[in-house]
Amino acid sequence: MSNTPIRKVVIVGGGTAGWISAAALTKLLPSTISVTLIESDSIGTVGVGEATIPQIRRLNAMLGLDENTFLKATYGTFKLGIEFSNWGQIGDSYIHTFGDVGLNLANLQFHQYWLKARSLGLTKNLWDFSLHKQAIDQNKFGRLDHIGQTSMTGLSYAFHFDAGLYSAHLRQHAEKNGTTRIEGLIQDTLLDETTGNIKCVKLQNGEIIEGDFFIDCSGFRGLLIEKSLGIGYQDWSKWLPCNRAIAIPSERTSTLLPYTKSIAQSAGWQWRIPLQHRTGNGHVYSGEFLDDDVALNTLLSNLDGEPLGDPNHLKFSTGRRDAFWHKNCVAIGLSSGFMEPLESTSIHLIQSNISRLIELFPSNTQEDTNIREYNRQVSEEFELIRDFLILHYHQTQREDSEFWRYCKHMQIPDTLKDKMDLFSQSGRLYKKSEDLFKESSWVQVMIGQGLIPDTYHPMADRLSNEQVSKFISDIQSIISQAIAPLPDHDTFIQNHCAADLQ
Ligand SMILES: Cc1cc2nc3c(=O)[nH]c(=O)nc-3n(C[C@H](O)[C@H](O)[C@H](O)COP(=O)(O)OP(=O)(O)OC[C@H]3O[C@@H](n4cnc5c(N)ncnc54)[C@H](O)[C@@H]3O)c2cc1C
């Protein structure tokens, strides 16, 4: 960056990443900084990315989006978690819910009391004490912040939505706040010979768009960060071996489920995302272990409604950029890396990275420390999410296909190994500052996939055996009472945010 003030930000790409960035920047940066977004209809967007995690509510609130209006506009539904079937072993199923299970007591996590009760003969599973799981089982939903007069938190939720409609909705907001949109195909990027910064991009029609700061939201192409600035990519496929996906919509089901389904297959997994007008489906798999036509057949034979439209075939490499911010360019969205959609983390990374960028936004001088700090934080967040995803593949008892044997026996990063070892002994976990996932998420996936600690924390013995039994059975009845008055998910949608489907 030269010593000139930053007056013009240029965003390359108008997918979810581009429009979230534009909406956030125009909302939060001073009006002296203009925002221009360039997108090309001839290229289009990746067209997937329909399941989210609860952090998206913070983004919506920050952008000033009204939740019901947004859901109506995007044909959205509510999401309380993800059901994982056949992951630990075939026939298994558990839910990674968005809420805490039970109630932490006296500085000790609930699962420690559950482990103690289990050692005394309790046969109930962990999710018998989950508000979210009980709501899911009864297909209920409501905006419940708290459980009655208790300190137990209510339903933490995210959304499923139509990706194209979401981008369009954000575009409306971003343009209203002053983003200038340019439709055009970028053919070239010119660098400043002295600084190496990006000076401008050149469109197919010859138009030159100059900028002081560029955001690369060009998707897997990495038009600026890779093609112009030459930043490399760390390939994580030895740990996250899925590298292909096929997506296809199908007719909506009569009941709208308030959760995503993730069904493990022989060399990957299949998603089902319930929307108001259709179900989103996809098969994520490893091309090294499965042929494309077999993958397509598996997907088509596992739809729960008639297919609508043609399958969309996608290829990717799991991993991340060596640097996310280089010179006067930040990569946000798929251009920054992709770790596969298993836990719906990509849209979250867009939002967390645009928030970081705004916090570290440079003024008019070369501010290397901002760049270093940004890259440090984003790398850490990527790596912690990576470990969480690897856990799903590695913590399995499945040996029924070459793919699962590979996953079960692969070498995993030391960071994950240490975490699993610590948990398997006495159920202990520590959250690092950039970790997106709370302890309760790690606990649910570890226990859900069969990693049950050998013993419990000695602090659980501060409650006598009788007190532990009473504590956990009280929790169960409090949860049942809280769920009883909630409406079912469909009714809630009909009453608050039904799309106009004619
Ligand atoms: C199979 C799959 C499933 C996924 N599921 C989820 C999910 O459930 N939840 C989740 O959070 N995320 C998911 N993701 C990720 C999610 O789709 C992306 O994070 C999100 O859509 C953002 O994409 P993007 O905007 O970075 O890229 P894109 O949508 O690809 O947009 C790229 C933009 O750049 C423009 N562009 C590119 N080249 C040029 C050029 N030369 N000139 C002009 N414009 C150009 C394009 O026109 C387009 O507007 C999934 C991804 C995949 C592959």
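## How two helices cross

A crossing is left-handed if the near helix is turned anticlockwise from the far one by less than a right angle, and right-handed if clockwise. By that rule, α1 passes α2 in a left-handed crossing. Helices here are DSSP runs of H or I with at least four residues, strands are runs of E with at least two, and both are numbered from the N terminus.

This is a predicted model, where local features need pLDDT of at least 70, side-chain atom pairs count only at pLDDT 80 or more, and totals for chains, interfaces and linings use all residues. Residues are numbered from 1 along each chain as its sequence is written, and side-chain values use heavy atoms, leaving out hydrogens and water.

## The α1 and α2 contact

Helix α1 (residues 16–28) packs on helix α2 (residues 56–63) at about 45°, their axes 10 Å apart. This makes α1 oblique to α2 (angles under 35 degrees are roughly parallel, over 145 roughly antiparallel, 65 to 115 roughly perpendicular, the rest oblique). Axes are lines fitted to C-alpha atoms, for helices over the stretch in contact, and angles run from 0 to 180 degrees between N-to-C directions.

From α1, the contact (heavy atoms within 4.5 Å) draws on Ile20, Ala23, Ala24, Lys27 and Leu28, and from α2 on Leu59, Met62 and Leu63.

## Glutamine 138

Look for glutamine 138 in the loop between α5 (131–137) and β6 (158–160). Its relative accessible area of 41% makes glutamine 138 partly exposed (buried is under 20%, exposed over 50%, partly exposed in between, with a 1.4 Å probe and protein chains only). Glutamine 138 lies 50 residues from glycine 88 in sequence and 24 Å from it in space, C-alpha to C-alpha.
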